[in-house]
Amino acid sequence: MLENVGIILEGGAMRSMFCAGVLDFFLDNDIQIPNVMAVSAGAYAGMNYVSEQRGRVMEAIIEPMENEKYLGFSTFLKKGTFFDMDLLFDEIPKRRAPFDFEAFTASAKRFITSTVNCVTGESVYHDKFSDEDDFLKICRAANSLPFIGKVTNINGIPMLDGGMADAIPIGKALEEGWKKVIVVVTRNTKYRKKQRYFYLAMIRLLYHKYPKFIHLVAGRAARYNQSLDMLEHMEKDGRAFVLRPSDDMYLINNETDAARLKEYYRHGYEVAEEKNAELKAFLAEENEGPEKQAE
């Protein structure tokens with residue numbers, strides 16, 4: 001397995017089906033990346049890559065949507081959350097489409113996901129999990145966007161979705177010592193995040209007891225766009241390899257059409273397939289070592 005190489009998986013709720021398609025191509029072609037940093041809904045794709053449960057996202061996310069709409073206003077009225085988090089992080093992984101936590105923990109791959117400490121407004125990265133319940137609870141917190149999910153207490157600390165602090169954690173990857181980074185983003189090249197002032201006003205209203213979290217959200221758009229700029233520079237320097245949807249592909253965060261979700265998943269698989277030769281060349285440079293590269 002390659003060393004000092006990692007993959008970053010952007011979230012985006014249902015847009016993470018693109019990540020799942022990419023990773024299933026990786027599993028089908030024995031592309032083994034040792035470090036997996038999964039943000040928000042990217043964690044649901046990344047966990048299956050680590051446990052090597054190819055196609056599980058179909059059973060766990062897409063197929064249930066064909067029979068029951070587990071997100072939307074009706075779910076909010078029943079559960080108090082826009083997504084049925086009990087279904088996604090309890091019923092499905094433990095009973096309907098079991099997650100292989102034993103294979104996950106036995107894997108040579110390192111899995112990292114993130115949450116935001118609501119009190120400090122800082123990212124918290126998680127790579128150690130005491131058991132399956134602990135793991136699923138952290139993943140639930142990592143997927144709990146404001147309004148969409150509830151604040152989750154992890155070791156007594158109120159946590160929300162890690163993407164609020166750092167949706168594409170390039171800086172963290174560099175801190176980890178990764179020399180090369182594969183980044184799977186779930187929006188196309190044209191996208192730049194805009195400040196949503198009504199959204200920020202609602203954050204101030206509903207999360208008023210967490211002033212540092214509010215300050216964090218106020219700078220979210222600027223941080224996201226800075227990450228894209230950094231990623232562009234790293235891509236040009238040969239330190240990053242980016243997989244992204246084509247400009248004509250678009251999926252909303254809260255898509256409930258199973259056919260559209262399958263299409264986005266297939267698109268991720270196809271993009272990875274199209275870029276496979278380039279990816280192999282990118283990884284081969286890392287695998288050659290300094291002596292070979294100096295020739």
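Thr81 is buried (under 20% relative accessible area, with a 1.4 Å probe and protein chains only), its relative accessible area being 6%. The structure is a predicted model, in which local features need pLDDT of at least 70, side-chain atom pairs count only at pLDDT 80 or more, and totals for chains, interfaces and linings use all residues. Residues are numbered from 1 along each chain as its sequence is written, and side-chain values use heavy atoms, with hydrogens and water left out.

**Thr81 and its surroundings**

- Thr81 belongs to the loop between helix 4 (73-79) and helix 5; helices (H or I, at least four residues) and strands (E, at least two) are DSSP runs, numbered from the N terminus.
- Leaving aside residues up to four places away in sequence, Thr81 touches Thr75, Phe76, Ile148, Gly149 and Lys150, where contact means heavy atoms within 4.5 Å.
- Thr81 and Glu63 are 18 residues apart along the chain, and their C-alpha atoms are separated by 21 Å.

- His126 is part of strand 4 and counts as buried, at 10% relative accessibility.
- The side chains of His126 and Thr115 make a polar contact at 2.8 Å. A polar contact is a pair of N or O atoms within 3.5 Å; within protein, one must be able to donate a hydrogen and the other to accept it, and residues adjacent in sequence count only if both atoms are side-chain atoms.
- Not counting residues up to four places away in sequence, the residues that His126 touches include Phe111, Ile138 and Ile154.
- Thr120 is located in the loop between strand 3 (110-117) and strand 4 (122-126), and it is partly exposed at 32% relative accessible area; this class lies between buried and exposed, the latter meaning over 50%.
- The side chain of Thr120 reaches the backbone nitrogen of Glu122 at 3.3 Å.

**Residues with positive phi**

- Most residues other than glycine have a negative phi.
- Asn4, although not a glycine, has a positive phi of about 60°; Asn4 lies in the segment before strand 1 (5-9) and is partly exposed at 35% relative accessibility.
- Asp30 is likewise not a glycine and has a positive phi of about 55°; Asp30 sits in the loop between helix 1 (17-28) and strand 2 (35-38) and counts as exposed at 57% relative accessibility.

**Helix 9 with helix 10**

- The axes of helix 9 (residues 197-206) and helix 10 (residues 211-218) come within 10 Å and cross at roughly 175°. Axes are lines fitted to C-alpha atoms, for helices over the stretch in contact, and angles run from 0 to 180 degrees between N-to-C directions.
- Helix 9 is therefore roughly antiparallel to helix 10; angles under 35 degrees count as roughly parallel, over 145 as roughly antiparallel, 65 to 115 as roughly perpendicular and the rest as oblique.
- Tyr199, Leu200, Ile203 and Arg204 of helix 9 make the contact with Phe213, Ile214, Val217 and Ala218 of helix 10.

**Helix 3 with helix 5**

- Helix 3 (residues 56-67) and helix 5 (residues 85-96) have axes that come within 11 Å and cross at roughly 125°, and the two helices are therefore oblique to each other.
- In helix 3, Arg56, Ala60, Ile61 and Pro64 meet Leu88, Ile92 and Pro93 of helix 5.
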